[in-house]
Amino acid sequence: MSGVTRRQFIKIGAATAGAAAVGSGLTTRWWGLDDDPVANPGTDGDRVVPTFCELCFWKCGVLAHVKDGRVTKITGNPAHPLSRGRLCPRGTGGTGLLYDPDRLKRPMLRREKRGEQVFEEVSWEEALDFTAQRLLNLKDRYGPESLALYSHGYGGSWFKHLLKAYGSKNIAAPSYAQCRGPREVGFQLTYGSTLGSPEVLDLENSRVITLIGSHLGENMHNTQVQEFATAIDRGATLIVVDPRFSTAAGKAKYWLPIKPGTDLALLLAWMHVIIAEGLYDKDYIDQYAIGFDQLKEHVRDKTPEWAYTQTTIAPETIVETARVMAGGRPASLVHPGRHVVWYGDDTQRSRAVAILNALLGSYARRGGIFVPSQMALPAYPYTAYQGHPKAPPDRPKDQGYPLADEVLASGLCMASIPGTASYDIKGWLVYGTNLLMALPQPERTKEAIQALDFIAVVDVLPAEIVGWADVVLPEATYLERCDDIDNPPWKVPFAAVRQEVVPPMYDSKPGWWIAREIALRLGLSDYFPWKDSMEYAMQRVHAAGYDCDVLRTTGVVIGKPRPTTIEDGLVPKFATPSGKIELFSQRLKDAGFDPIPQFTPPEEPPTGHFRLLFGRAPTHTFGRTTNNRFLSEVFNQNELWLNAQMAAELGLKDGETVVAVNQDGVRSQPIRLKATQRIRTDCVFMVHGFGHDAKGLRYARNRGADDSRLVTRIKTDPIMGGTGMSVNFVRVERA
Ligand SMILES: Nc1nc2c(c(=O)[nH]1)N[C@H]1C(S)=C(S)[C@@H](COP(=O)(O)OP(=O)(O)OC[C@H]3O[C@@H](n4cnc5c(=O)[nH]c(N)nc54)[C@H](O)[C@@H]3O)O[C@H]1N2
Ligand SMILES: Nc1nc2c(c(=O)[nH]1)N[C@H]1C(S)=C(S)[C@@H](COP(=O)(O)OP(=O)(O)OC[C@H]3O[C@@H](n4cnc5c(=O)[nH]c(N)nc54)[C@H](O)[C@@H]3O)O[C@H]1N2
Ligand code: SF4
Ligand SMILES: [Mo]
């Protein structure tokens, strides 16, 4: 680490120390955002380049400060609607990725068996020729649909385009079936629209916020955390439902330590109280919703006393929180969560959250869920995709997931094991996703990889998945490249640019270049007519009538605001079959599912076992930052949270090293025990993203334990194929 970066790190450390204290609730700056919003983006460097972050998938606008050719610090762009001059601790630590000594430096070809991590560095010419030749072979032998792309992160757009040009629709990300897919389907069924990313939640204006298994505070999505903090500063009441005393629970008026897997019972009981006591928004329901009478009938017997037997939450608490929630309406938001794939009933649980929000009248309302607007940017003109690509082999109907609206990453993985799907996937292109940690059942993922004809990985670090590649294509980091314009639906329409802050280090290359070079070798040059990604991006902005120079100097252009709530004059429309909010879903009924969510009790842990839960740490994004020396100085290994009383019964002490052994006998890596009162007695918790075993991750390797290897059992959501992962049980032993 150079002197400059060391000094900068100390600054970053000051910001992240707040975040570390978050966990212990020792600071009022518990949300851990960096010090002050930057009003005047001055710099002690030579220049400041606006771009957007890629330390997670929220894409905050950042200002990268450069001195003597090195990025010295990263601050929030005050003009950018998602950062508003602030960053989360991870965003400020982006230089820890740029200057990570373990970065992939040159293209490599595999020289030993897959997974043995023995590679030889080769030229780009050789790596690209090899890749193109393999892709041509695949197409010849099995057809273009035999190639799958797994892609997560903003640079993936170039590869998605490549895949479609090649003739395959098999494009998936674990951020759907292993993350927010059930929520999107649940909201789509209810309101005719999804919540997207960034989620369209007007948290800052909420009077009552209910978090049911979304842990804002550890979950550090910048804008949400800022708005959440604002709402609390303004006196919003917070209700937190979590088996674990989370950061947010420490700020809450009500903490409901629910029995894991029983949230749907609580949600139905809240509806029961709100309807029985006439506390719902009657005018709103009359005007916008259908199915109220069926819902009323459905929840008639879902009393707080009934829910108590399932959830262990006292009936009085259920009644009181229902009243508080209704007292704040319509600015009363039941947060829909994001990582919702828990128990396999996740679409229905998300539907219940959607329905409860409807009773509170919070959709299309200030302080609730807003209806976003998006800046229209014309596509860059290129040749239309040819042919009629085959539907994905995991296509919902093949496996009975009629309501999935995206391809399932887990489905493509499964279809790579010969003979399991309507046709076999034979080649993988992996962009920015570490499938061995992101997909459940990593042993099955390895089996799938071993059966492939070809696998190429585009990454910035030698993550686990890289170790399984035939060819490794090292990408330049987000600070060294330009990508497509980001124009997500949000409170105001905007477009943000990602531009090269410093030139790519080593022999890494930007994704747009890699995708285009492959395309040229495949004879697909008509699809890639642009000179480079900046020309591509500016063409789109120019065609939309915005000033490219302003965009490049400020990082963002903002369009004309449009009403986003009924209070602003919006007339809500619902793209459901009935044109209304569907409390009762005929679509679900026709597909053979419960038209109104029903609760099924979860399985009990076997004796001596605890349910395994997992989540986030404020300073890390999954495993993608655990090798980042800057961020890891504050948090460099995960711990296994176990109730202190349980630990005492097992004769285990806080801080000692333990191993978690799951119901199938799979053992975790050694992990430090956190014996704490802050978790129920029937579950354990760990932060996801630790326990790397990739040789090249010299810092993160062998630190903490990996939850994904304990996820040997799953419960698949029958509606959309989401992977319920919180269905594993572990016992805890001294290491
Ligand atoms: N067991 C378990 N499984 C889970 C979860 C869990 O909590 N527990 N969480 C789930 C959730 S919510 C999600 S969203 C998914 C996320 O899972 P992934 O999509 O795998 O996300 P990351 O872990 O961020 O993986 C990012 C990969 O991208 C690489 N990378 C980082 N930046 C760049 C870049 O600029 N270019 C390229 N080419 N590569 C880059 C990193 O080195 C890393 O290998 O996992 C899901 N799976
Ligand atoms: N710092 C940081 N922030 C992130 C990420 C990151 O990696 N790092 N990842 C981002 C991504 S892609 C996602 S999807 C989100 C994920 O963040 P969230 O959507 O907030 O979801 P989880 O990480 O699953 O949160 C799990 C929380 O739910 C609790 N929980 C577990 N089981 C149950 C249950 O049965 N009922 C209830 N009520 N609670 C339960 C856990 O104790 C934990 O507090 O975070 C995003 N933000
Ligand atoms: S939330 Fe944090 S890590 Fe994610 S994009 Fe924003 S600053 Fe970067
Ligand atoms: Mo996620």
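Which side chain has an N or O atom 2.9 Å from an oxygen atom of ligand 2? Arginine 244. That is a polar contact, meaning a pair of N or O atoms within 3.5 Å.

Some ground rules. This is a predicted model, where local features need pLDDT of at least 70 and side-chain atom pairs count only at pLDDT 80 or more, while totals for chains, interfaces and linings use all residues. Residues are numbered from 1 along each chain as its sequence is written, chains are lettered from A and ligands numbered from 1 in the order written, and side-chain values use heavy atoms, with hydrogens and water left out.

Back to ligand 2. The backbone contributes too. A polar backbone atom of histidine 620 sits 2.5 Å from a ligand nitrogen. At phenylalanine 622, a polar backbone atom is 3.1 Å from a ligand oxygen. The protein covers 99% of the 920 Å² of accessible area that ligand 2 has on its own, by the Shrake-Rupley method with a 1.4 Å probe.

Now the shell. It holds 31 residues, each with a heavy atom within 4 Å of the ligand. Asp242, Asp263, His339, Tyr343 and His620 are the closest. Domain 1 (201-369 + 572-590) and domain 2 (610-734) both supply shell residues, so ligand 2 lies between them. The bounds come from an automatic or database domain assignment.

Last, cysteines. The whole structure has 0 disulfides, taken as cysteine sulfur pairs within 2.5 Å. For cysteine 548, the closest cysteine sulfur is in cysteine 482, 11 Å away, too far for a bond. Cysteine 548 is buried because its relative accessibility is 17%; buried means under 20% relative accessible area (1.4 Å probe, protein chains only). Cysteine 56, at 8%, also counts as buried.

Conventions:
Polar contact = N/O pair within 3.5 Å; in protein donor to acceptor, adjacent residues only side chain to side chain. Buried < 20%, exposed > 50% of the residue type's maximum accessible area, 1.4 Å probe, protein only.
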